[in-house]
Amino acid sequence: MLRLLDHPPVILAALLTLIPFFWAAFCPKSLQFAGRMPVWLRLLAPALLGLPYVLVSGSNGLFRWTWLALYTLLPVLISVLLYRASLADPEQRGDWRDLLILVFLGLAVDLRWFEPAWGSRLAIFNKILLLDAGIYGFLAIRQLGQVGFDLRLRLRDLRIGLLWLAAYTPIAVALGLWLGFLHFHPFAPSPWRVLLAWILTFFFIAVPEELFFRGWMQNLLERRVGRVRSLLITSALFGLSHFNKRATHFNGRYVLLATLAGIFYGLAWRQQRRIGASAITHASVDTIWSVWLR
């Protein structure tokens, strides 16, 4: 991994992959620019997401035309479908195309369908590129409202995030210890190590998952089935997405605790409809678990 990062093409690919993510997160109004572009250009623009694959695969000898076609055409297809959804469903109550894309992206990431394109050491590129395609499709093309993807954090985001962390932690710890899923490790790590772990978790685990499950899924379901049902359905699906984590078989204990966590993350997001708030809860839970309870 570190040797590959010495390659300028891989570094450039990382920048091309991360810049759209961070630009959308910290300059959310810039996404409105897509609406002023000609439709054909608006729909073809995400084909540029295939460029990072060319750069990385050319450096590690894994280039395949089929993978290039996937990473070039799939983002365009997502944009086309969501453009059609925006025309068919201007009230944004949820269209079958929205559901199709959410199911596809969720399965592709969770089941790691496309990770062989990168090799095991650089599979993170797959997750972030699919996230970029979703961000462009749902926010720039579909212009889905009330997502709350704005990482210019406010003090209120911190208060809400920590409030729901305090509500979830004692329940999760008691249940996790009782189930034998959690194991307490009395450990005093460097504060800088904990902070670094939290920052990496926040940006590369919590924010992508909160954007997908709360900003897109729960948001759209809420318009169809109401606040309570959307919260429960999204939390259950979030839990099930952890069925194959840290185990070679169905990890029921992880699914249960993740489902319960999803309820608290969903409540944190729903309070102000801000991804930042629920991502603070999510990143804090994951950091506490990884440092002291794994």
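When I say two residues meet, I'm talking about contact, meaning heavy atoms within 4.5 Å.

Quick caveats before we start. This is a predicted model, so local features need pLDDT of at least 70 and side-chain atom pairs count only at pLDDT 80 or more, while totals for chains, interfaces and linings use all residues. Residues are numbered from 1 along each chain as its sequence is written, and side-chain values use heavy atoms, with hydrogens and water left out.

Okay, the overall picture. The protein chain has eleven helices and zero strands; helices here are DSSP runs (H or I, at least four residues), strands are E runs of at least two, and numbering starts at the N terminus. The C-alpha trace spans about 55 × 50 × 40 Å along its principal axes. For 294 residues, a compact globule would have a radius of gyration near 19 Å, and the protein chain agrees, at 19 Å. That radius is taken over C-alpha atoms, and the globule rule is 2.2 Å times the number of residues to the power 0.38.

Now the pair at the end of my list of helices. H10 (residues 252-272) and H11 (residues 275-293) pack at about 150 degrees, with their axes 7 Å apart. Axes are lines fitted to C-alpha atoms, for helices over the stretch in contact, and angles run from 0 to 180 degrees between N-to-C directions. Who touches whom? On the H10 side we have Tyr254, Tyr265, Ala268 and Trp269, and they meet H11 residues including His282, Asp286 and Trp289. By class, that contact has eight nonpolar, three polar and one charged residues. Nonpolar means Ala, Val, Leu, Ile, Met, Phe, Trp, Tyr, Cys and Pro; charged means Asp, Glu, Lys and Arg; the others, Gly among them, are polar.

Next, H6 and H8 (residues 191-225). Their angle is about 35 degrees and their axes lie 11 Å apart. Among the H6 residues in this contact are Lys127, Gly134 and Phe138, and H8 brings Phe204, Pro208 and Trp216, among others.
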